[in-house]
Amino acid sequence: MSAFQMVRAARILPQVASMRTAAAIPCRLLNTALEAKTAKTAKVETVGLAAPLTKRHAGVSVLGCAIAMVAVGGCAQGIGQLFAALVVGMARNPSMKEDLFTYTLIGMGFLEFLAIVVILIAGLLLYSE
């Protein structure tokens with residue numbers, strides 16, 4: 001028995017025990033009685049700080065997050081081009097190897113910072129109202 005089935009059974013069993021004997025009720029009647037009972041209790045509205053201010057449109061926030069995450073791919077492409085330029089520069093002038101590598105690491109730091117900012121903005125878009 002999977003974990004989900006055990007949780008479901010644990011929630012249904014106390015309701016069945018409070019009703020008439022389960023052996024005397026056919027399975028269809030038991031299911032409809034349980035659905036009717038849960039439908040009555042499902043309309044509980046939250047009050048106070050837990051009450052939602054507006055309806056959340058999750059699809060729009062997921063699309064905004066996905067569009068923002070495209071920039072992470074741009075950062076990865078930029079890092080690839082940066083190291084390709086390092087290899088070409090070292091092939092053309094091997095004596096500048098240390099300087100070129102230093103500049104490459106500085107550029108990679110900027111690109112990583114941009115990727116982190118993009119991920120933070122994507123998270124902000126994902127969980128915004």
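Buried means under 20% relative accessible area, exposed means over 50%, and partly exposed lies in between, with a 1.4 Å probe and protein chains only. I start with that cut-off because Cys75, at 3% relative accessibility, counts as buried.

**Entry 1: ground rules.** I am looking at a predicted model, where local features need pLDDT of at least 70, side-chain atom pairs count only at pLDDT 80 or more, and totals for chains, interfaces and linings use all residues. Residues are numbered from 1 along each chain as its sequence is written, and side-chain values use heavy atoms, with hydrogens and water left out.

**Entry 2: the whole chain.** I looked up the secondary structure and found 4 helices and 0 strands; helices (H or I, at least four residues) and strands (E, at least two) are DSSP runs, numbered from the N terminus. Along the sequence the pattern reads α-α-α-α. Of the chain's 129 residues, 14% count as buried. I then checked contacts (heavy atoms within 4.5 Å): among those between residues at least 6 apart in sequence, 62% join residues at least 24 apart. The chain exposes about 10500 Å², and carbon and sulfur atoms supply 71% of that; the areas come from the Shrake-Rupley method with a 1.4 Å probe, and for residues only the protein chains shown count as cover.

**Entry 3: helix H3.** H3 covers residues 58-92, which is 35 residues. From first C-alpha to last it reaches 52 Å, close to the 51 Å expected at 1.5 Å a residue; the expected span is 1.5 Å times one less than the number of residues. Which residues of H3 are buried? I noted Ser61, Cys65, Ala68, Cys75, Gly78, Ile79, Leu86 and Gly89. An α-helix has 3.6 residues a turn, so residues three or four places apart point the same way. The buried residues of H3 pack against H4.

Entry 4: Cys65 counts as buried because its relative accessibility is 14%. I also looked for disulfides (pairs of cysteine sulfur atoms within 2.5 Å), and the count comes to 0.

**Entry 5: Gly89.** Gly89 sits in helix H3 and counts as buried because its relative accessibility is 18%. Its C-alpha is 7.3 Å from that of Leu100, 11 residues apart along the chain.

Entry 6: Is Ile106 buried or partly exposed? Ile106 is partly exposed, because its relative accessible area is 46%. I found Ile106 in helix H4, residues 97-126. Together with Tyr103 and Phe110, Ile106 forms a nonpolar surface patch with about 390 Å² of accessible area. Patches are made of residues with over 30% relative accessible area and no salt bridge, joining like charges within 9 Å and nonpolar side chains (Val, Leu, Ile, Met, Phe, Trp, Tyr) within 5 Å. A salt bridge here is a side-chain nitrogen of Lys or Arg within 4 Å of a carboxyl oxygen of Asp or Glu.
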